[in-house]
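Hello,

Here is the structure we talked about. Please open it and keep it beside this email while you read.

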Amino acid sequence: MTATVTTPLRITPLSILGSRRALRLIERNIYVYRRSWIIFVSGFFEPFFYLLSIGVGLNKLVGALHIGNRLVAYTAYVAPGLLASSAMNGALFDATFNMFFRLKIAKTYDAILSTPLGPNDVALGELGWSLIRGSTYSGVFIVVMALFGYVLSPWAILCLPAAVLIGFAFAGVGLAATSFMRTWQDFDKVSLAIIPMFLFSATFYPLSVYPGWLQLVVRATPLYQAVALERGLDAGALSASLVGHAAYLAVLGLAGLVVTSRRLARLLLP
Amino acid sequence: MDPSDAFGATSRVPAADGEPLVVASGLVKRFGEFVAVDGVDFSIGRGESYGFLGPNGAGKTSTMRMIACMSPVSAGTLRVLGRDPDRDGPEIRSRIGVVPQEDTLDLELTVLDNLLVYGRYFDLPRRVIRERAEELLDFVQLTERARDRVESLSGGMKRRLTIARSLVSDPELLILDEPTTGLDPQARHLLWDRLYRLRRRGVTLVITTHYMDEAEQLCERLAVMDRGRFAAEGAPRDLIAKYSTREVVELRFGATEPAGVAAALEGLAQRREVLPDRVLLYSDDGDATLGEVHRLGLTPESTLVRRSSLEDVFLHLTGRTLVE
């Protein structure tokens, strides 16, 4: 038997972005949540509770802080950080737990891949759904921020697209990471990455509290990039570094998407 | 539908008219060093029902997954509906239905939503899917469970729903991987009946199974697979004629070891098989052979003359050793 090179089915770099079939997977997820809308709605409350407890509670003790050259109340300082972390959490939940259930437990994707949909459609569809869900939460949170007077400049209108970008980055990474997981226990590693990042990525206080070397480490984390982007836009403290943050997040999301489609093809279409 | 009708129809001449729906030549599937399918050739005609029969690990599922464009071909050529699975996977998959070995129903959706959502993967209009879903639920007798969650269904119901799901896109070719494994006899017969009706409507069926009765019931033509190759191919009746005799005489000797009397039985029939608990004599006239056994003065504790079955062919071709 002559050895021929096996061409991987349906994965080309160009096909990864731009199949209309991915919409069908989003449609499926809408069907699922139509019957469990309460789970969907519960996602609105988490960042709101954080804002009340940490923001409002600590506001009196901490006083004002700088964003760029601007001095702002502590709650207004924390709010964009919470916006960024809620965009992250919203995207990660679907991209990790729900994706794992569909991939390994319910074998949902096995069935889907026997239809015209391919692994890139599944990856893109799941990512799109995570974005829709995450952006809905972010949108509502921005409205709440505006109502409480934490929106500091007209540039804050860009906070929502920025939240979508943050969701894209974390959904991409989450999907890619999930495609390597074998058991539910592996999700402890996700928590191990997320919780310290949430607590230490300058979400609640400025980066300047850290010594120089630690600042470099924190700067490298995706959540720091996300928080800095939202905070800068909210306060209208525009600088070239905001473009850098956005680029970092976009590259992260794209890389996650490519890895996810390849992994799905490997796992599901051997 | 009486299942015996289905059985009678297996003797029909295979429909060979028109261009074949599936053509494979020198088809190979490798997983690293392991060769799952080792160069097989076959051709499945439109409207035909074709079965892959074989022990576990014979390469049946690998072959089916390649036909379903869910597994890249390692070597050789495969054409499904006249197209190349490597290039036209989505187009081919839009015209075939798949019933996988394991149930892969969408556990997050209801019975009806499983059909509605699945139809959307094929880009069908919602109105069309809704009409078909109602018909199909009726066809598989699940109309009353339409609003229930999938988890609450029994094994047989899940299987029926999976078949209904595979039909939502009105496929020309239906691929069924061990459709009745793990079901009770009632559920199996109901499924066979539904599959027989589909066949009558002109749907081409490709089935894997390791149940001989299922193969005899459902398949006009069979490939017996063993270790990645075809051990034999043909209509069930022809396979029996070619690889077995018309009848089989089974002799049990109670306390006496079969091996002890085996020598005396040498040459009585076309083929003799000595098993730990009995001796099988393959003969075209079982009663005559049994008469000769008695004339030799042998007194088996029990005797059975039966028609040769596909199981005899299967065990002859693939051996009695357990493959794991």
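Predicted model: local features only at pLDDT ≥ 70, side-chain atom pairs only at ≥ 80, totals over all residues.

Residues are numbered from 1 along each chain as written, chains are lettered from A and ligands numbered from 1 in the order written, and side-chain values use heavy atoms, without hydrogens and water.

Helix 2 of chain A has 13 residues and spans 19 Å from first to last C-alpha, close to the expected 18 Å (1.5 Å times one less than the number of residues). Helices are DSSP runs of H or I with at least four residues, and strands are runs of E with at least two, numbered from the N terminus. Because 10 of its 13 residues are buried, helix 2 of chain A is largely enclosed by the rest of the structure. Buried means under 20% relative accessible area, exposed over 50%, and partly exposed in between, with a 1.4 Å probe and protein chains only. The buried residues pack against elements including helix 5 (74–105) of chain A and helix 4 (111–121) of chain B.

Glu27(A) lies in this helix and is buried at 11% relative accessibility. Glu27(A) touches Arg120(B) and Arg126(B), leaving aside residues up to four places away in sequence; contact means heavy atoms within 4.5 Å.

In chain B, 6 of the 8 residues of helix 2 (residues 60–67) are buried, so that helix is also largely enclosed. Just after helix 2 of chain B, Cys69(B) has a positive phi of about 60 degrees.

Regards
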